[in-house]
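Look at the structure below and follow its chain from one end to the other.

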Amino acid sequence: MLQATSTALIMIDIQNDFCPGGSLAVEGGDQIIETVNALQDDYPVRVLTQDWHPADHSSFADNHEGAAPFSMTEMPYGPQVLWPRHCVQGTAGAAFKSGLDTDKADLIIRKGYNPKIDSYSAFFENDHKTPTGLEGYLRERGVKKLVMVGLATDFCVRFSAVDAVKLGFQVTVLQDACRAIDMDGSLAVALEEMDSLGVLLK
């Protein structure tokens with residue numbers, strides 16, 4: 001049964017490189033696909049996000065001489081994790097995970113394509129100023145409530161949910177349809193932040 005047309009399902013970064021066998025694999029990332037597919041029929045607005053990096057992206061550790069993956073660096077916009085190379089434009093790693101139903105999506109929004117700045121959130125790049133355009137799309141569709149699923153709970157889901165609340169959307173995160181990286185306690189920090197800002201964690 002469809003939810004009211006004011007609700008959108010946001011499916012975040014369910015891509016090969018974030019699933020087991022990928023270059024930045026989230027443990028159990030592929031286990032959410034059946035749940036996410038089943039959810040799609042319940043929402044009238046369905047959006048997929050896709051990490052989409054150029055090969056020279058500044059967040060890749062191997063683009064910084066001597067830098068180790070998962071180390072921190074300082075960018076003009078603030079602290080930045082240096083990640084293993086992942087979701088490079090046009091590669092198999094950037095493709096949506098096999099088995100994910102992408103045909104029902106109204107919109108696929110790509111993020112992280114600016115080589116100088118990373119983009120965790122579905123709404124803004126990591127400077128928290130440069131919009132992806134998703135907010136405008138959702139407003140035009142009359143969407144007021146968002147249900148978020150995907151990868152990873154403590155990074156792209158977290159940043160998307162926090163930005164969405166700050167933009168005035170009502171946000172629910174379905175934890176059984178998400179998986180986390182949990183780097184140095186990042187999952188607990190993410191859940192606490194989302195909860196404190198009014199994100200409904202289910």
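The paragraphs below go through the sheet, a helix, the core and some ring pairs.

This is a predicted model, in which local features need pLDDT of at least 70 and side-chain atom pairs count only at pLDDT 80 or more, while totals for chains, interfaces and linings use all residues. Residues are numbered from 1 along each chain as its sequence is written, and side-chain values use heavy atoms, leaving out hydrogens and water.

Start with the sheet. Helices (H or I, at least four residues) and strands (E, at least two) are DSSP runs, numbered from the N terminus. An open sheet is formed by 6 strands in the order S5-S2-S1-S6-S7-S8, with parallel pairing. Two strands pair if DSSP finds at least two bridges between them. S5 and S8 (200-201) are the edge strands, each pairing on one side only. Between S1 and S2 there are 5 bridges in the parallel sense.

Next comes helix H3. H3 lies across S1, S5, S6 and S7 and runs at about 165° to S6; axes are lines fitted to C-alpha atoms, for helices over the stretch in contact (heavy atoms within 4.5 Å), and angles run from 0 to 180 degrees between N-to-C directions. Why is helix H3 (residues 153-166) largely enclosed by the rest of the structure? Because 12 of its 14 residues are buried, that is, under 20% relative accessible area, where exposed is over 50% and partly exposed in between (1.4 Å probe, protein chains only). The cover over these buried residues includes helix H4 (186-196) and strand S7 (170-179).

A nonpolar core is a set of buried Ala, Val, Leu, Ile, Met, Phe, Trp, Tyr and Cys residues joined through side-chain atoms within 4.5 Å. The largest one has 57 residues, and Phe123, Leu138, Leu146 and Met148 have the most contacts inside it. H3 gives the largest share of this core, 7 residues.

Finally, consider the rings. Rings of Phe, Tyr and Trp (its six-membered ring) pair if their centres lie within 6.5 Å; planes under 30 degrees apart count as stacked, over 60 as edge-to-face and the rest as tilted. The structure has 6 aromatic pairs. Trp83 and Phe155 form an edge-to-face pair, 5.1 Å centre to centre with 85° between the planes. Trp83 lies in the loop between strand S4 (78-81) and S5, and Phe155 in helix H3, so the pair ties together parts 72 residues apart in sequence. Trp83 counts as buried at 3% relative accessibility, and Phe155 is buried too, at 10%.
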